[in-house]
2 protein chains.
Amino acid sequence: MTKLRVHNLMVSLDGFSTGEGLSVDAPFGHAGDRLARWFFPTHTFVSMSGHEDEAVGGGTRGIDDSFAAATNRGIGAEIMGRGKFGPQVGPWRDESWRGWWGEEPPFHSPVVVLTHHARPDLVVGETTFMFRDLAPREALDLATTLAGGLDVRLGGGPTVVREFLEADLVDYMHIVVVPIILGRGVRLWDGLENLDQRFAIEATSSPSGVVHYVFDRIGR
Amino acid sequence: MTKLRVHNLMVSLDGFSTGEGLSVDAPFGHAGDRLARWFFPTHTFVSMSGHEDEAVGGGTRGIDDSFAAATNRGIGAEIMGRGKFGPQVGPWRDESWRGWWGEEPPFHSPVVVLTHHARPDLVVGETTFMFRDLAPREALDLATTLAGGLDVRLGGGPTVVREFLEADLVDYMHIVVVPIILGRGVRLWDGLENLDQRFAIEATSSPSGVVHYVFDRIGR
């Protein structure tokens, strides 16, 4: 059965999943790249970004990569919030924006972009972005159909993940707690009191300093 | 040189170090004992609470106990907030309250209780509670003198720890992140943006589900 999975959702020790002051030049605001530094040396990132030949041994293969690599296995579609697709808000004034990822986005599958402002589908490389104004349950139904028996990835950002957690639609969640104190930004955990009672939770610390949490929905 | 150390400061995954609605019957409010459950099976707790003969093997000796036991080593004095001493606020209307710990408190050393309402010292068993209206730096100076060359423990609660962190007086901090979402209560990390830049931080996950963080002040 299709599962809804979250991978590599990064959060600071004080619970912020992105910083304050997001823009084209600062996609994570004042957080900069501090939430993602554990990810850059991994084989998964190195091969995604085309620097495989340059990195020693093609990137690390340890625990961080083991979690990072799971992101791409068995996924047939993604759901993301509009904020992950780009920095624009409100009606689309500039449809020339084609996402952060250049002409070959790493999704290679349909992506449902949640937005209150629908617009025509956009095909970039092997990825089709579908802009839809849907409630979480409807978005999941659409993505499940598109995934053709594979799983659906919930790509974020934190506000979208929180909405799907509130609707109890998430089956699996991999969260990376990074030992920094951001102080401000978008909180992941707000409004999710007692979330832990719905999940089996395991924590694994990595030599890189981050802690990988796996949340596995109990009873399904 | 005397160090100021924090031990076993427990915090939920969403950053709350105590719950909402504290009272005599609920010292941690709606959090109940959920932040401390990892601690109860340890040898350190079992021997403190006088149940050593009952527990299998006298309590666990693994990683959780290894951290728990460090609390009591080399400490000559403690600083605590009034909220840790008892639930009363404002002027002392009832001086018969002698703390949560019965007639032999586990401190066995002087304890500086920070309060805006000074009152005479209180001797309970081997522990002397000294109620003082002092700024963090002054409290540390007093406790350092009392500790006679040993270290000073900063016993909490979270508001007091935060004040000492803001004043940059903490040398070592052991924090236990418990995989629960409390949703409300007293936050540990508020106002401490970029705290991580002053400390070397290491995380170690435990089979019990908690993660032990060690914060070691850089450069002293």
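Between chain B and chain A of this predicted model, an area of about 2200 Å² is buried (the accessible area, with a 1.4 Å probe, that two parts lose on being put together, summed over both), and carbon and sulfur atoms give 53% of that area. On the side of chain B, the residues that lose the most area to chain A are Leu13(B), Ile181(B) and Glu193(B), which together make up 28% of what that side buries. The contact, defined by heavy atoms within 4.5 Å, takes 28 residues from chain B and 28 residues from chain A. Because 100% of the interface residues of chain B are also interface residues in chain A, the copies meet through the same surface.

There are 4 salt bridges between chain B and chain A, each being a side-chain nitrogen of Lys or Arg within 4 Å of a carboxyl oxygen of Asp or Glu; one of them joins the side chains of Arg187(A) and Asp190(B) at 3.8 Å, N to O.

Residues are numbered from 1 along each chain as its sequence is written, and chains are lettered from A in the order in which they are written. Local features need pLDDT of at least 70, side-chain atom pairs count only at pLDDT 80 or more, and totals for chains, interfaces and linings use all residues, while side-chain values use heavy atoms, with hydrogens and water left out.
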